[in-house]
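Hi,

Have a look at it first, and my notes follow below.

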Amino acid sequence: MTIVNWLTGQTGIILSSACVIIIVALMLYMSVKLHQSYRKYKVYGWLIAGLLLAGIQHAIQLFLAAPEANDSPALHLFASILQIESFIIINFVFTKLYTRPSGRLIGPAFISLLAAPFILTGIQLYLDSNLLHPTDGGAGIQVLTLDFYAVLINFLILMDTRGIALNRKFAISLVVYFIYQLSRVADGYVFHGSSSGLLLMTQFVPLVYFTLLFLMLFEWVIDRMLDIHQSSITDGLTTLYNRKYFNSRCEKWMRERGSVSIIFCDIDNFKRLNDTQGHHAADIVLKKVAEIIKEESGAIGAAGRYGGEELLAVIRGDAKVKPEDVAETIRRRVETETIVTISVGVSTSVSGQTIQELIKEADEAMYVSKTTGKNKVSVVAKAGRSKPRRSSKAANA
């Protein structure tokens, strides 16, 4: 027996179905976890239902392929219906995930598509009363209406998703499954099992299809995890680190690098901007200032939002720059690139100092800038006193 004969026989069906069941089981586990975390999104419940139907379908195929199993036309028919139902549900779910997860999935079109296989089966049974009678050789049954409906629905879903920005793997999976459907129809109605190539495709292309679905769902889970992590450490408006995570980064670098410097920035006259131009305009300015601070500190430290219009940067102790120069660059860029100015305080840690103490020093230095004319940088002297550093604009006056 050649390997092709081995793969196209009952052993190949068992191997393919067993692999698909394992993949579906993994997807089910991820889907249940998603459903537990996002209960308000009913789409994950439908995904569980679709995967359960797919798992039952391949379990039936696995059972029918067993050497000691009695061939059952009714089970073949049931598996064919489950295949179509699971395909419709799973692909509607993935389409919804990549467009609007919170939107309603159930609708007249969705219900009609799910009901059609049962109606078509009823018509076929009415026209052919011998459909469920066992056949010689145990070759299963072929239901013309179901087979061509499966091809049609695959084609319609494929065409319907052309204009939607979907994951590339999803589009490929639809094409792969369409090839499988065509191969299945061609083998059943034209070649009747005489083409080993078509037999291989009908048995193993579903494995490729479910592997692609697994990869898509895995990526979706990873993206959700990253979103949750990102939202827990960053400020929603400015995307800078929030106070808690910013402090932890500072403490980590202080332990590893020996010292850090804090640049404390406060937007001048921000309340007046809010009152005169509105919150939207103020938010735009805040995000622009945050972007400048992030750009100037990104390679040598990090940036965070401490609250309101107070934005901070931390400079690592091993960075080959002077923190006051970085602060001056930030101040100058804000002045020239936005409609506001900032008052800045700079403090560098000394042995035994905590991050909270360091930030407080930088805050006090910023207050010196704020009360002595604004739009300037003040640096904490070694003795702990703040001295204003005149801006380049003032120095040239």
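Helix α6 (residues 144–160) has 17 residues, and from its first C-alpha to its last it reaches 24 Å, close to the 24 Å expected at 1.5 Å a residue. That expected span is 1.5 Å times one less than the number of residues. Helices here are DSSP runs of H or I with at least four residues, strands are E runs of at least two, and both are numbered from the N terminus.

Before going on, please keep in mind that this is a predicted model: local features need pLDDT of at least 70, side-chain atom pairs count only at pLDDT 80 or more, and totals for chains, interfaces and linings use all residues. Residues are numbered from 1 along each chain as its sequence is written, and side-chain values use heavy atoms, with hydrogens and water left out.

Back to α6: its buried residues include Leu146, Tyr149, Ile153 and Ile157. Buried means under 20% relative accessible area, exposed over 50% and partly exposed in between, with a 1.4 Å probe and protein chains only. Among the elements that cover these buried residues are α4 (73–97), α5 (108–127) and α7 (168–191).

Next, the strands. In β1 (residues 260–267), 8 of the 8 residues are buried, so this strand is largely enclosed by the rest of the structure. Val260, Ile262, Phe264 and Asp266 point one way from β1, while Ser261, Ile263, Cys265 and Ile267 point the other way.

Which strands pair with β1? One is β3 (residues 310–316), antiparallel over 7 bridges, and there Glu310 is the bridge partner of Asp266. Another is β4 (residues 342–348), also antiparallel over 7 bridges, where Phe264 has Gly345 as its partner. Strands count as paired if DSSP finds at least two bridges between them.

β3 is also joined to β2 by 6 bridges, and these two run antiparallel; Ala302 is partnered by Val314 of β3. Their hairpin has 2 residues between the strands, and Gly308 takes a positive phi near 60° in it.

Finally, the axes of α9 (residues 243–257) and α12 (residues 355–371) come within 10 Å and cross at roughly 110°. The axes are lines fitted to C-alpha atoms over the stretch in contact, with angles from 0 to 180 degrees between N-to-C directions. Asn247, Cys250, Glu251 and Met254 in α9 meet Ile355, Gln356, Leu358 and Ile359 in α12, where contact means heavy atoms within 4.5 Å.

Enjoy exploring!
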